[in-house]
Amino acid sequence: MKHRGKSAVVTGAANGIGLACAVRLANEGASVILADVDVEKAEQEAQSLVEQGFKAAAIRCDVSSRADIVAAIELAESHGDDLHIMVNNAGYSLKKDVLEVDDEDMHRLFNVNLMGAFYGTQEAARRMVKQGAGSIVNMSSMQAALVIPDQLPYGVTKAGINQLTRVNAVALAPKGVRVNAVGPGTILTAASQRSVLQNDAARRSVLSRIPMARLGRTEEVAGVISFLASDDASYVTGQVIYIDGGRNCLNLTVPVSED
Ligand SMILES: NC(=O)c1ccc[n+]([C@@H]2O[C@H](COP(=O)([O-])OP(=O)(O)OC[C@H]3O[C@@H](n4cnc5c(N)ncnc54)[C@H](O)[C@@H]3O)[C@@H](O)[C@H]2O)c1
């Protein structure tokens, strides 16, 4: 119960990693707002948490809108709590040849992946600074550092997340607010099945880059986010923690088993 009495907002919390994160924070005592464009699914998941005895609520939130982010934070505050934890998770990828990427593609991913995290970080930080405490966790990716050539807008936005995280971490450190990021490798979600695990050949290609010889689980990302959000990480700020089964360290490839 390391988040007992704390209030949290998780964006993109209706599915995948964001949902696992909301479930983990709620299970550890936080009151959690599940903020997502897919409000029906977010409401269903929040209701399920409430029925299990946890504190949760949902709100429709498109992170490319500052007003939507503010509404999500205000919903958390309306439950009588200061905002303690902000998880800027919502994001998506796009596969396209670099020669075909157009302005619209760049703007769309920029607005959701990077501006969403910018709004979420700034709006949360403005409140946390007044309290003198708070923890913000942004969603980066291996692709902030390593390249998939047909995912240019995604890689650029995730690289931006890393610097957004570090600049805010340093600026806000004297004010008691910590800012970190997580950079997952390949985690089994609907999004990764669309973007990098489309068929067996693609799955084997991904596995050849993972020393732990398996894909990651959403709960394994949620565990690290929960740690960064907690007082156990009270001296950790400005870090991007890669959750990748060892991929970051690997030169060349590893053998993939036949099954
Ligand atoms: N799955 C992976 O392997 C992986 C790896 C590295 C980074 N990530 C990052 O993790 C985050 C979550 O990915 P996932 O795999 O869980 O995806 P997912 O598609 O399973 O879930 C994403 C959620 O975000 C919501 N969403 C999308 N656009 C939104 C917007 N504009 N405003 C609010 N909510 C929005 C969707 O409705 C969905 O509920 C993303 O930022 C992604 O880039 C995922």
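Visitor: Which residues form a nonpolar patch on the surface?
Guide: Val98, Leu99, Met106, Leu152 and Val156 form it. Together they have about 440 Å² of accessible area. Keep in mind that this is a predicted model.

Visitor: Where does Met106 lie?
Guide: Met106 lies in helix 4, residues 103–131.

Visitor: And what is the relative accessible area of Met106?
Guide: The value for Met106 is 31%, so Met106 is partly exposed.

Visitor: New topic. How many aromatic pairs does a search of the whole structure find?
Guide: The search finds 1 aromatic pair. Phe118 and Tyr119 form it. Their ring centres are 5.8 Å apart, with 50° between the planes. That pair is tilted.

Visitor: Is Tyr119 buried or exposed?
Guide: Tyr119 is buried, because its relative accessible area is 15% and buried means under 20%.

Visitor: What about Phe118?
Guide: Phe118 is partly exposed, at 29% relative accessible area.

Visitor: Let's move to Ser141. Where is its place?
Guide: Ser141 sits in the loop between strand 5 (134–139) and helix 5 (152–172).

Visitor: What does Ser141 touch?
Guide: Leaving out residues up to four places away in sequence, Ser141 touches Tyr154, Lys158, Val182, Gly183, Pro184 and Tyr242. Take Lys158: it is 17 residues from Ser141 along the chain, and their C-alpha atoms are separated by 6.1 Å.

Visitor: Which backbone nitrogen lies 2.9 Å from a polar atom of the Ser141 side chain?
Guide: That is the backbone nitrogen of Gln143.

Visitor: On to Thr186. Where is that one?
Guide: Thr186 is in the loop between strand 6 (177–184) and helix 6. Thr186 counts as buried, at 10% relative accessibility.

Visitor: Which side chain does a polar contact join to that of Thr186?
Guide: The side chain of Arg247, at 2.5 Å.

Visitor: What else is in contact with Thr186?
Guide: Setting aside neighbours within four places in sequence, the contacts of Thr186 include Ser192, Val196, Leu197, Val206, Leu215 and Gly216.

Visitor: You mentioned helix 6. Which residues does it span, and where does Ala191 lie?
Guide: Helix 6 covers residues 190–195, and Ala191 lies in it. Ala191 is partly exposed, with a relative accessible area of 37%.

Visitor: Last one. What separates the C-alpha atoms of Ala191 and Asn89?
Guide: A distance of 13 Å. Along the chain, Ala191 and Asn89 are 102 residues apart.

Definitions and conventions. Residues numbered from 1 in each chain as written. Predicted model: local features only at pLDDT ≥ 70, side-chain atom pairs only at ≥ 80, totals over all residues. Heavy atoms only, no water. Helix = DSSP H or I, 4+ residues; strand = E, 2+ residues; numbered from the N terminus. Buried < 20%, exposed > 50% of the residue type's maximum accessible area, 1.4 Å probe, protein only. Phe/Tyr/Trp six-rings, centres within 6.5 Å; stacked < 30°, edge-to-face > 60°. Contact = heavy atoms within 4.5 Å. Polar contact = N/O pair within 3.5 Å; in protein donor to acceptor, adjacent residues only side chain to side chain. Patch = residues over 30% accessible without salt bridge, like charges linked within 9 Å, V, L, I, M, F, W, Y side chains within 5 Å. Areas by Shrake-Rupley, 256 points an atom, 1.4 Å probe, with all protein chains shown as cover. Salt bridge = Lys/Arg side-chain N within 4 Å of Asp/Glu carboxyl O.
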